[in-house]
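Please find below a colleague's note on the model, arranged as numbered points.

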Amino acid sequence: MFDHPSFDGHESVHMFEDKASGLKAIIAVHSTALGPAAGGCRMWNYATGEEALRDALRLSKGMSFKNAMAGLPLGGGKSVIWGNSKTDKSPALFEAFGRAIQSLNGKYYTAEDVGISTRDMEIVATQTKYVAGLDQGEAASGDPSPITALGVYRGIKASAKRAFGSDDLSGRRIAVQGVGHVGGYLCDHLAEEGAELIIADIDEALLKEVSERTGAKIVATDEIYDQHVDIFSPNALGAVINPETLPRLKARVVAGGANNQLSIAEMDVALRDRGILYAPDYVINGGGIINVAAEISGAYSRNWVMGKLNVLIETLEEVLDEALKQNAPINEVAEQIARTRIANAKSA
């Protein structure tokens, strides 16, 4: 564990198995310096347990940075369930997962992520109170994806302004990788402004649905990297910016809602060297966790969420401007700010 390349001084990592329900889950708590760790649960059919562990470690660290950059009183954590989200779900599995959450006594709050729905979280909530993203309840906020997508949309506009001199997306060619919860809502925002969309996803039915309502062109999943576009927007899984894909990109901006978009830290420098402006994922996609934070507080306020989202976009703009001023890798600038905020909270 301590030698794992994705281990980053995590406070704790918990593994749970429930043979009766088939649950195999990992909960990684990166930091509670700013508050209880918060981050969604992802259900994915990983090839190996090591792959699931790597995802949990990387995602939980990203949540620490995301919550710090969003100015939230929350630390960073993440959970993953090893399984097929289309065939392996059951009430018993999510009840067992809820008991696992409860065993941490409030150190970690969960919510939806890839492969998980609000209905799944309602089952989890029968076993623990440390769950958010619910449709029902006094402070229920529902699916956080629409707020995430709104933040990504606004972040794309802020990035475009710095790359092209204008935040007007009308006529801009944008490749959107992944049109699920966040990507689908994002396409609606972009199409409404008049952007020309090219989309890819493994779900063909979803692709058709999004294409019909936005006029987007559909391409094969591997072809999305080769499109001649202004902006490349990753909104599926992570590590999509890597040594194999980067040389294929024609875009001048990379900005999307996916977590851990850079496969390795060196991709940050490589993007800068290729003249590509990169919006750090844990800054631009913080809208969802802001929504969740409002629910965790026990008194959900739409106005508070929108105010925090405004501050988040201002933070993104400050990061972009500082990196461009220094000609520094953008992710490096953002990470330094996030780590400083966490370190200050820990010392305090």
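1. Burial terms. A residue is called buried under 20% relative accessible area, exposed over 50%, and partly exposed in between, with a 1.4 Å probe and protein chains only. By that rule valine 182 is buried, because its relative accessibility is 16%.

2. Basis of the note. The model is predicted, so that local features need pLDDT of at least 70 and side-chain atom pairs count only at pLDDT 80 or more, while totals for chains, interfaces and linings use all residues. Residues are numbered from 1 along each chain as its sequence is written, and side-chain values use heavy atoms, with hydrogens and water left out.

3. Domains. The domain assignment of the chain gives domain 1 as 12-63 + 75-126 and domain 2 as 144-284 + 317-336; such bounds come from an automatic or database domain assignment. The centres of the two domains, taken over C-alpha atoms, are 26 Å apart. Nine residues from domain 1 and seven residues from domain 2 take part in the contact, where contact means heavy atoms within 4.5 Å.

4. Area between the domains. The size of an interface is often given as the accessible area lost when the parts come together. Here, buried area is the accessible area (1.4 Å probe) that two parts lose on being put together, summed over both. Between domain 1 and domain 2 about 780 Å² is buried, and carbon and sulfur atoms give 48% of that area. On the side of domain 1, Arg42, Trp44 and Arg58 lose the most area to domain 2, together 49% of what that side buries.

5. How many salt bridges does the rule find across the interface of domain 1 and domain 2? The number is zero, a salt bridge being a side-chain nitrogen of Lys or Arg within 4 Å of a carboxyl oxygen of Asp or Glu. Two residue pairs between the domains are in polar contact, both at pLDDT 80 or more. A polar contact is a pair of N or O atoms within 3.5 Å; within protein, one must be able to donate a hydrogen and the other to accept it, and residues adjacent in sequence count only if both atoms are side-chain atoms. Strand 4 (41-44) and helix 1 (49-69) are the elements that give two or more residues to the side of domain 1 that touches domain 2. Helix 1 gives the most to that side, with three residues. Helices (H or I, at least four residues) and strands (E, at least two) are DSSP runs, numbered from the N terminus.

6. In the unreviewed UniProt entry, the annotation "binding site" covers Gly178, Val179, Gly180, His181, Val182 and Gly183. UniProt positions are given in the numbering used here, feature names are shortened, and annotations may be inferred rather than shown by experiment. Valine 179 is in the loop between strand 7 (173-177) and helix 5 (181-192), and counts as buried because its relative accessibility is 1%. Apart from residues up to four places away in sequence, valine 179 touches residues including Cys187, Ile199, Asp201 and Val210.

7. Valine 182 and serine 145. Valine 182 lies in helix 5. Beyond residues up to four places away in sequence, valine 182 touches Ser145, Thr148, Ala149 and Asn235. Serine 145 belongs to helix 4 (residues 145-164) and is buried at 7% relative accessibility. Leaving aside neighbours within four places in sequence, serine 145 is in contact with His181, Val182 and Tyr185.

8. The "active site" annotation of the unreviewed UniProt entry covers Lys78. Lysine 78 is placed in strand 5 (residues 75-82) and is buried, with 2% relative accessibility. Among the residues that lysine 78 touches, not counting those up to four places away in sequence, are Ala56, Tyr108, Asp113 and Asn259.

9. Glutamine 227. This residue is in the loop between strand 9 (217-218) and strand 10 (231-234), and is buried at 12% relative accessibility. The side chain of glutamine 227 reaches the backbone oxygen of glutamate 223 at 2.8 Å.

10. Positive phi values. Asparagine 260 has phi near 50 degrees, a positive value in a residue other than glycine; asparagine 327 has phi near 55 degrees. Asparagine 260 is buried at 16% relative accessible area, whereas asparagine 327 is exposed at 54% relative accessibility.
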